[in-house]
Amino acid sequence: MRDKSDSSLARMLAVLDHFSEHRTHLSPEDVSAELGVSLPTAYRYLKTLSDAGLLQRTEGGYTLGPRIVILDHLIRQHDPVLKCALPHMQKLVSDTGLDCILSALHGDQVLDTHREYS
């Protein structure tokens, strides 16, 4: 049986999925419409995500917050795949004079996680 709090948590975290390169701000009304939740629930989700630093309130609505940058930094510093790949990438760059890119597949998106430049 699915716990109601699990589905509520999943919907709240789904707010983050609605940000993109072309959509950098969300309003409570956007969240309510996109997730199919009431406006008070949308405000609650935005407050919880803001309190965690994942979002921040701005004049134009809500944007991604500083905690995202901190998490990105931690990934780059401690990613085991990158730690393993880095010496090989540096050697490829040295041997070929070309740039080398480490990419990962996330859902239907390819994410470049690191670049070594020649």
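## Salt bridges

In this predicted model, Asp51 and Lys47 form a salt bridge, with their closest N and O atoms 2.7 Å apart. The two residues are about one helical turn from each other, because they lie 4 residues apart in helix H3 (residues 39-51). Side chains of opposite charge can pair when their charged atoms come close. Asp51 is exposed, with a relative accessible area of 56%.

How many salt bridges does the structure hold? There are 6. Another of them joins the side chains of Asp95 and Lys91, also at 2.7 Å from N to O. Asp95 and Lys91 are 4 residues apart in helix H5 (residues 80-96), so about one helical turn separates them. Both Asp95 and Lys91 are exposed.

A further pair is Arg115 and Asp112, whose side chains meet in a salt bridge at 3.1 Å, N to O. Arg115 is partly exposed, with a relative accessible area of 37%. Asp112 is partly exposed too, with a value of 34%.

The pairs with a stated distance are set out below.

| Salt bridge | N to O distance |
|---|---|
| Asp51 and Lys47 | 2.7 Å |
| Asp95 and Lys91 | 2.7 Å |
| Arg115 and Asp112 | 3.1 Å |

Salt bridges also link Arg23, Asp30 and Glu34 in a network. Glu34 is found in helix H2 and is partly exposed, with a relative accessible area of 41%. Which residues does Glu34 contact, leaving aside its neighbours within four places in sequence? They are His18 and Arg23, and Arg23 is also a member of the salt-bridge network. Glu34 lies 9.5 Å from Ala14, C-alpha to C-alpha, although the two are 20 residues apart in sequence.

Helix H2 covers residues 28-35, and its buried residues are Pro28, Val31, Ser32 and Leu35. These residues are on the same side of H2, because they cover an arc of only 100° around the axis. An α-helix has 3.6 residues a turn, so residues three or four places apart point the same way. After H2 comes Gly36, which has a positive phi near 70°.

Helix H3 has 13 residues. From its first C-alpha to its last, H3 reaches 18 Å, close to the 18 Å expected at 1.5 Å a residue. Which residues of H3 are buried? They are Thr41, Ala42, Tyr45, Leu46 and Leu49. Their arc around the axis is only 135°, which puts them on the same side of H3. Just after H3, Gly53 takes a positive phi of about 85°.

## Two hairpins

Strand E1 (residues 55-58) pairs with strand E2 (residues 61-64) in the antiparallel sense, over 4 bridges. Leu55 stands opposite Leu64 in E2. The two strands form a hairpin with 2 residues between them.

Strands E3 (residues 100-106) and E4 (residues 109-116) also run antiparallel, and 7 bridges join them. Cys100 has Glu116 in E4 as its bridge partner. The hairpin of E3 and E4 has 2 residues between the strands, and Gly107 in this hairpin takes a positive phi near 65°.

## The chain as a whole

The protein has 5 helices and 4 strands. In sequence order they follow the pattern α-α-α-β-β-α-α-β-β.

How does the overall size stand against a compact globule of 118 residues? Such a globule would have a radius of gyration near 13 Å, but the protein has 19 Å. The C-alpha trace spans about 60 × 40 × 25 Å along its principal axes.

Of the 118 residues, 27% count as buried. Among contacts with a separation of 6 or more, 31% are between residues 24 or more positions apart.

Conventions
Residues numbered from 1 in each chain as written. Predicted model: local features only at pLDDT ≥ 70, side-chain atom pairs only at ≥ 80, totals over all residues. Heavy atoms only, no water. Salt bridge = Lys/Arg side-chain N within 4 Å of Asp/Glu carboxyl O. Buried < 20%, exposed > 50% of the residue type's maximum accessible area, 1.4 Å probe, protein only. Expected span 1.5 Å × (residues − 1). Arc of directions from axis to C-beta. Pairing = 2+ DSSP bridges. Rg over C-alpha atoms; globule rule 2.2 N^0.38 Å. Contact = heavy atoms within 4.5 Å.
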